[in-house]
Amino acid sequence: MGLTNFLSLAILVLAASAVSWNATPFNPASVPLAVRSPYLSAWLPQGAGAALNGAWPQFWTGSILGWAGYIRVDGDTYTFLGDPVVAGAKSAVQKSLEFTSTQSIFVMTAGPVDIHVNFLSPVEPTDLLKQSIPFSYLALSAVSNDGGSHNVSVYTDISAEWVSGDDSLTVNWTTTTGNILTHQVMLENQELFTEYRDHIQQGAAYYSTLNSSSVTYQTGQDAVVRAQFINNGVLANTEDTNFRAVSDNWPVFAFAHDLGVVSTTATAPVIYTVGHVRDPAIQYIVADDVYQPRSVYFWSAYSSVADSISDFVVDYPAALGRAQAFDQKVQSDASAISSNYAGVVALSVRQAFGALELTLSKNSDGSWNTDDILMFLKEISSDGNVNTVDVIMPAWPILLYTNPTLGKYLLLGLLEYQATGQYPNAWAAHDLGSSYPNATGHNAGNDEAMPLEECGNMLIMVLSYTQKSNDNSLITQYTDLLNQWTGYLIAEALIPANQISTDDFAGALANQTNLAIKGVIGIQAMSVISSILGNAVNQQNYSSIVQRYVPQILDYATSSDGLHLTLNYGNESSWGLSYNLYADKLLGTNVFPESVYDMQTAWYATVVNTYGVPLDTRHTYTKSDWELWTAAIMTNTTTRDMFIDSVYKYAADGESRQPLGDWYETLNGAVYGFEARPVVGGHLALLAL
């Protein structure tokens, strides 16, 4: 298609996705509402546009998470959240939507009053305790829009759908009173470390608010509880004790707040918190094939969920301030590249962090071992694996940008496991377990085999962590493993065998140029690591191998007309995104000459489609993470921005209803099935350099 037609189509694509409200920076495929962990993941599906009260919030899979909201103004009740069908309520009208890295802010008009609805999912990468708390905020504030004064009350509830993927299962619940009101709902029969349709079948959901004389509560059938508020403006302070299935008269757990008389000064926000807690959270394989139960890190500071909720609720003003500061930093840094880039980055942050959980173990005396911190990642929507190395790798830039120490905790589980000697293969493991949250290893060595891919990934990530943190602990403790993986690369990287790469959906292919690139950068990474460790012999040996390999790779992989690298050696008409060159820039290894980057930059401008450059010549689809990794290594801003703008157009095109998918069609923006995956952390590739 080429760059000229690409730019001309941009305006048409954005115009097609217009909605009736003001959307800043754009209207995404799905709006993050409460996204803190693999099991606290609530989104508002959009497509061509759905108001906050035009659809039910959904789990990332698309299953409904009942979350309803009403506002009552001078006796008239309006729905502002969810899609409940109960007689007597009108619909508020959405005026605007704005999202930042941590917040999704809606303004809804309910007759003469506007209600401001803020969903805040904190991202606190430098505070392990706060980052690990599996709760999110909903804040409501009302203001008159006609200059008059009005009597206002607000209502919200959640359903039992928050605790299971199977609505036929029985749940029970409790309501606790005191300074904090909390509804707790859980499955009657719990299954440790077990998922059903990606929902965990363990733990409990919690919905809380500060108690006061203006607050009422109620649990019971959805239609009954909601009608109580619609008709009376208050709840009955009663509890339904008829425990039953999620879908049996749909029990809901509600709060109502009387805001009193509302005028042209906005009311102080009413704060709700929603969360999902389970303990233990992960089982992790340690030496001798023993499975160690691990708990989410916040337990090291709290003796009960109630204590953590109490702190979390009252921390809202400070949490909002920290979130605004974080949002502003990300916005400022990304806007220095482009406004479109800032929009894509803002949409990516909560999604990336929403796949992560910080954990710790216990000492033999039962106390918390705060020196044993491991972070786990769920490969959401594709395989459900634990700590998939080639999912961590594309997500890696967001960790380097926000706090490299988080990357260390993510790699440690993989390194510790393989250092026990239980993993039998000579190359790096693909993941820590086939099904989250079971990090039970692969002692039979039957994990998905990506030998070149994962060896290169581990070496590159370990060195980049070391460089960013000035912490040599990983390279010191795991030198033998790193050398082992380097040996594999030396044997296999120059002429890659018929292997799959991280883009396994594209199939195996021999002589992949991009794998050779990753392999040789991995060898050079070990040369640098050896230098840091003072091993001059290994440093020189590895470096000399790289110096021999690079000219050969370029000879094998450069098309005869000298215009581009090929997808695989000898396939003259082929090409692909050489995103693995990003690691050369990230590490500062300068393995490949600048002329290669110039060549690729010039080539990509000639092969761009409406929504970007295809991943390679086998198909016309692409990956958004690799588009932006490639953008980061372009040698002119025009082509860099071509990649950025293509991902922006895709993210804003109004064609999808799912949390941002990273695998999509460059011809029409259609999504290929991945959704809500943490690899969107790779959209921050330009910020990590």
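Which element gives the largest share of the lining of the largest pocket? Hold that thought while we look at this predicted model.

## The largest pocket

The answer is α6, with six residues in the lining. Helix α6 spans 339-353, and along with β8 (93-99) and α5 (316-335) it is one of the elements that each supply at least two residues to this lining.

In total, 17 residues line the pocket, and the ones nearest its centre are Pro25, Phe99, Gln331, Ala342 and Ala346. The space inside comes to about 210 Å³. Sort the lining by class and you get eight nonpolar, seven polar and two charged residues.

## The largest cavity

Rolling a probe the size of a water molecule over the atoms shows where empty space is left. This structure holds five cavities of 30 Å³ or more.

The largest cavity has about 190 Å³ of space. Its lining is made of 19 residues, with Gln512, Asn514, Leu567, Leu577 and Asp616 nearest the centre. Helix α12 (residues 513-532) gives the largest share of that lining, three residues.

Next comes the second largest cavity, with about 110 Å³ of space. Among the residues lining it are Arg36, Ser37, Phe353, Glu357 and Met375.

Which of them gives the most? That's β24, with three residues. By class, the lining of the second largest cavity has seven nonpolar, three polar and two charged residues.

## Two helices side by side

Let's finish with a pair of helices. Two packed helices are described by the angle between their axes and the distance between the axes. For helix α7 (residues 389-402) and helix α8 (residues 404-419), the angle is about 155 degrees and the axes are 7 Å apart. Angles over 145 degrees count as roughly antiparallel, so α7 and α8 are roughly antiparallel to each other.

Who does the touching? From α7, the contact includes Val389, Ile392, Trp396 and Leu399. From α8, the residues in contact include Pro404, Leu406, Lys408, Leu410 and Leu414. Taken together, the residues of this contact split into 10 nonpolar, two polar and one charged.

Note on methods: Residues are numbered from 1 along each chain as its sequence is written. This is a predicted model: local features need pLDDT of at least 70, side-chain atom pairs count only at pLDDT 80 or more; totals for chains, interfaces and linings use all residues. Side-chain values use heavy atoms; hydrogens and water are left out. Axes are lines fitted to C-alpha atoms, for helices over the stretch in contact, and angles run from 0 to 180 degrees between N-to-C directions. Helices (H or I, at least four residues) and strands (E, at least two) are DSSP runs, numbered from the N terminus. Angles under 35 degrees count as roughly parallel, over 145 as roughly antiparallel, 65 to 115 as roughly perpendicular and the rest as oblique. Contact means heavy atoms within 4.5 Å. Ala, Val, Leu, Ile, Met, Phe, Trp, Tyr, Cys and Pro count as nonpolar, Asp, Glu, Lys and Arg as charged, and the others, Gly among them, as polar. On a 1 Å grid over the protein atoms alone, a cavity is a set of points where a 1.4 Å probe fits but cannot get out, and a pocket is an open set with protein on both sides within 12 Å along at least five of seven lines; lining residues have an atom within 4 Å of a point. Grid points are joined across faces, edges and corners, and a volume is the space filled by probe spheres set on the points.
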